[in-house]
Amino acid sequence: MKNTVSTLLKQKQSGDKITMLTAYDYTTAKIMDECGVNSILIGDSLGMVMLGYENTLPVTMEDMIHHTAAVSRGAVNTFVVADMPFMSYQVSVEQAVINAGRLIKEGGANAVKLEGGADVCDVIKAIVKASIPVVAHLGLTPQSVNAFGGFKVQGKSLEAARTLIADALKIQEAGACMVVLEGIPAKLADIITKKLTIPTIGIGAGNGCDGQVLVYQDMLGLTIGHTAKFVKRFAEAGELMRKGINDYIDETKSGLFPAEEHTYKIDDEVISEIIREEGLE
């Protein structure tokens, strides 16, 4: 059954936790879809984990459309959410609606995601008015990394906590169908989740949220270097890949690969004639 805005809302109402993972390509999306993941996020995190940038800021609309289209072709039942990259919705409401429409029309997404609270409510309203579902994103918003002075936990002071609660209510009123809560204290995320009627998806926000999202490279042990505190490695796929690649190198160099079972045959009479014609006897 296809996951939709309605089915995800019903999960919140029934207490059935929503599962969301990032994906950036057809093969990964197809595996996740077959496993029954509720939602796939094509995050602008692709700038870091797929394209090697230091942060998400250089990611373009063309990058997002390209990867979203690949994921959409592999996700049959999964609800596909595409990030709106930096400066694709900040310049004007009109530009934001146009870019959101491209992610739906060209990328095949089911919804778009954008960062911000009260300051983006006019954008949310306009996109929703165009019949495009919007997922909001509060807390540690990576596109604001320069303003924050780095990737830091948000909402720890009384004033900051109050602002996050107010922003959550405002983006819900503006028409957001779901909100990602990133890098905020678990107890604050729990309060926000209880106050909202729309689902909350946590990442570094505790288990009181209606669902969780992780970057799949992080949860499968593919990430090189620092891993955030909130990440749990559910598998060590990176080590498995390294072993497979090293075994391939060794067997290729030693001549063990390809073995006879990996090769195609030809009639001995045919090859004998070819050898005679080419003077290789």
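Predicted model: local features only at pLDDT ≥ 70, side-chain atom pairs only at ≥ 80, totals over all residues.
The largest nonpolar core comprises 55 residues, of which Leu114, Ile127, Ile171 and Leu181 touch the most other members. Helix α8, spanning residues 158-174, gives the most to this core, with five residues. A second, separate core contains 14 residues, including Leu8, Phe79, Val135 and Val213. The contacts of Leu114, not counting residues up to four places away in sequence, are made with Met84, Tyr89, Val120, Val123, Ile124, Ile127, Val134, Val135, Ala136 and His137. Among these contacts are Ile127, one of the residues named above for the largest core, and Val135, a member of the second core. In soluble globular proteins, nonpolar side chains tend to be buried together.

The largest pocket has a volume of about 1,000 Å³. Its lining consists of 37 residues, and those closest to the pocket centre are Glu182, Val215, Asp218, Ala228 and Phe230. At least two lining residues are supplied by each of α3 (46-49), β4 (111-115), β6 (178-182) and α10 (216-219).

No disulfides are present in the structure. For Cys177, the closest cysteine sulfur is that of Cys121, at 14 Å, which is too far for a bond. For Cys209, the closest cysteine sulfur belongs to Cys177, at 16 Å, and this separation is likewise too far for a bond. A disulfide would require the two sulfur atoms to lie within 2.5 Å. Cys177 is buried, with a relative accessible area of 16%, and Cys209 is buried as well, with a value of 0%.

Just after α11, Gly255 adopts a positive phi of about 90°. Phe257 and Pro258 are joined by a cis peptide bond, with omega about 0°. Pro258 is located in the loop between α11 and α12 (268-277).

Positive phi values also occur in residues other than glycine. Met87, in the loop between β3 (79-83) and α5 (93-105), has a phi near 70°. Because its relative accessibility is 41%, Met87 counts as partly exposed. Ser131 has a positive phi of about 65° and is found in the loop between α6 (121-129) and β5 (134-139). With a relative accessibility of 66%, Ser131 counts as exposed, the threshold for this class being over 50%.

Terms used: Residues numbered from 1 in each chain as written. Heavy atoms only, no water. Buried < 20%, exposed > 50% of the residue type's maximum accessible area, 1.4 Å probe, protein only. Core = buried A, V, L, I, M, F, W, Y, C linked by side-chain atoms within 4.5 Å. Helix = DSSP H or I, 4+ residues; strand = E, 2+ residues; numbered from the N terminus. Contact = heavy atoms within 4.5 Å. 1 Å grid on protein atoms, 1.4 Å probe; cavity = no way out; pocket = protein on both sides within 12 Å on 5 of 7 lines; lining within 4 Å. Points joined across faces, edges and corners; volume = space filled by probe spheres on them.
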